[in-house]
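This briefing goes through selected features of one protein model, grouped by topic. Keep the sequence and the structure open while reading.

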Amino acid sequence: MIATIERLQLEPKRLPLITNYPSFRKWNKKALEDKVGQDPMCIYVHIPFCTQRCSFCYYKTVDLKEYRPEVDTYVEMLCEEINRATDRFQLGDRPIKAVYFGGGTPSLLTEIQTTKIVDALRRNFKHFDSKDQFSFEAEPLTISRSKMETLKSLGVTRLSMGMQSFVDDIIKLSGRGHDEKQAYRAIEIAQEVGAGQWNINIDLLSGLAGETPETWNQSVKRAIATGVESITVYKMEAFANTEVFDQGVRKDEVALPTDDQEMAFMAHAMDCFEEANYLPWSFFTYTKNGCDESQYISSIWRGMDFYGFGVSAFGSLGDHLIQNTSDLEKYPAMVGAGELPLTRGYRFTTWDQMVREVLMGVKLLSFDLKGFKERHGVKLQSLCSAVLPQLEADGFVKVSSDELTLTNKGILYGDYVGQLLSDTIKNLH
Ligand SMILES: C[S@@+](CC[C@H](N)C(=O)[O-])C[C@H]1O[C@@H](n2cnc3c(N)ncnc32)[C@H](O)[C@@H]1O
Ligand code: SF4
């Protein structure tokens, strides 16, 4: 290091004059294109309404029964926000990789409301129609043949349906309005109408109140038997704003599985999925023969830009994260007043970029070590030499010179590997 500094020592003289840094020789066309923002991006649209308030749900959603008259106004403001933000951030010419309508429950919108939003996107994003994937979240009771036909005509290619359980007693305890039969009916309609156009994902929740090994086994087997292309299993987290926290943690009125029991449920689900050839592509989603992947999720986890429209939605543009207000009263007021409903942001340092890349990238089960070295000029193996050999010895990961891969044990422990690696990088800073 000292020898390098000695070699770099400059003779004192008045020339050359330095006009900028780095020198023009380092400037290139690619950086210009990046600045003008021609890289592909994803679009997220948030619909904050639900037909019910599920006892486990931590999302900030509004029961449609209390808000129905306002949904039209929300849709109108959403379309206005799409016009304004696309213009402000010059998004209109960018290629679109994937579109995601999430919530809440987007499928409770009327066909006219959904069409209005898609039309606004189409008007503003020149390449909207050439996207790779269009995902739409749905809830069983809001599914009808006619609504599915509309989604089909609007170009939806991935329907993601919340189910949580296929056992009536467990569904009932979770505060949801449908039962097992209605769940099958909704899946059947979606499969019939969308055949050849969309893949279907269904969400299950492990760790629901009242769940036993028997009920969990039934749910997993029934989910597989539907033949959907993708099954996601989230681990239920009892957040303080949920009814399940109040009843199960604070008052001890309903039985919640322990962490160990839940871990055994998940391990059992993984065995069943493997047997039925549902392969993992993230640590909570398993797809039939590896046929389906959420392009939206994998793209944003790999760091692609995305813009979030709607109350509380957030996005990432270049080295900035930006988020809209989460206040459902303020959102239409801000848009109505001619503003963007943005409320806060965050600017990434290059160190943050590195941490995020690892934390989010590992969720996709394999991580490109060579790419990391090329982008950051340093090996992840060197940065994480304090923990990586132990993770490998304990059977959480396999490491080759090019790639880090989660083992089944690593997958079972969710974000553990990503967190440990990214915390190690953070601590070096
Ligand atoms: C926005 S909802 C999707 C669709 C629709 N609202 C429904 O519930 O049918 C997305 C998923 O979040 C998951 N989720 C909700 N509350 C959760 C919690 N407390 N812990 C983990 N996952 C949760 C559920 O599996 C749910 O299907
Ligand atoms: S799980 Fe889905 S339907 Fe239930 S409250 Fe949450 S977002 Fe709404």
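The model is predicted.

**Nonpolar cores**

- The largest nonpolar core has 109 residues, and within it L159 and M161 touch the most other members.
- Helix 3 (residues 64-88) supplies the largest share of this core, with ten residues.
- Because domain 1 (36-299) and domain 2 (349-429) both give residues to this core, it lies between them.
- Leaving aside residues up to four places away in sequence, L159 touches F136, A138, M148, L151, A190, W198, N199, I200 and N201.
- Another core, of eleven residues, lies apart from it; C54, C57, I170 and V244 are among its members.

**Helix 8**

- Helix 8 (residues 213-225) consists of 13 residues.
- From its first C-alpha to its last, helix 8 reaches 18 Å, close to the 18 Å expected at 1.5 Å a residue.
- Its buried residues are T215, W216, S219, V220, A223 and I224.
- The cover over the buried residues of helix 8 includes helix 6 (168-173), strand 7 (199-206), strand 8 (230-235), helix 10 and strand 9.
- G227 follows helix 8 and has a positive phi, near 80°.

- T325 sits in the loop between strand 13 (320-324) and helix 12 (330-336).
- T325 counts as buried because its relative accessibility is 6%, and the cut-off for buried is under 20%.
- Not counting residues up to four places away in sequence, T325 touches V311, S312, K330, Y331, M334, P341 and T343.
- One of these contacts, T343, is 18 residues from T325 in sequence, while their C-alpha atoms are 5.1 Å apart in space.

**Backbone exceptions: positive phi**

- Most residues other than glycine have a negative phi, and most peptide bonds are trans.
- N277 is not a glycine, yet its phi is positive, about 65°.
- The loop that holds N277 runs between helix 10 (259-275) and strand 9 (278-280).
- With a relative accessible area of 35%, N277 is partly exposed.
- S312 also is not a glycine and has a positive phi of about 65°.
- S312 belongs to the loop between strand 11 (305-309) and strand 12 (314-317).
- The relative accessible area of S312 is 25%, so S312 is partly exposed.
- S312 is also one of the residues that T325 touches.

**Backbone exceptions: cis peptide bonds**

- Y21 and P22 are joined by a cis peptide bond, with omega about -10°.
- P22 is in the loop between helix 1 (2-8) and helix 2 (29-36).
- G103 and G104 are also joined by a cis peptide bond, with omega about 25°.
- G104 is placed in the loop between strand 4 (96-103) and helix 4 (111-124).

**The site around ligand 2**

- The residues around ligand 2 are C50, Q52, C54, F56, C57, G104, T105 and R176.
- By class, four residues of this shell are nonpolar, three are polar and one is charged.
- G104, one of the residues around ligand 2, is joined to G103 by the cis peptide bond listed above.

Conventions
Residues are numbered from 1 along each chain as its sequence is written. Chains are lettered from A and ligands numbered from 1 in the order in which they are written. This is a predicted model: local features need pLDDT of at least 70, side-chain atom pairs count only at pLDDT 80 or more; totals for chains, interfaces and linings use all residues. Side-chain values use heavy atoms; hydrogens and water are left out. A residue is near a molecule or strand if one of its heavy atoms lies within 4 Å of it. Ala, Val, Leu, Ile, Met, Phe, Trp, Tyr, Cys and Pro count as nonpolar, Asp, Glu, Lys and Arg as charged, and the others, Gly among them, as polar. Helices (H or I, at least four residues) and strands (E, at least two) are DSSP runs, numbered from the N terminus. Buried means under 20% relative accessible area, exposed over 50%, partly exposed in between (1.4 Å probe, protein chains only). A nonpolar core is a set of buried Ala, Val, Leu, Ile, Met, Phe, Trp, Tyr and Cys residues joined through side-chain atoms within 4.5 Å. Domain bounds come from an automatic or database domain assignment. Contact means heavy atoms within 4.5 Å. The expected span of a helix is 1.5 Å times one less than its number of residues.
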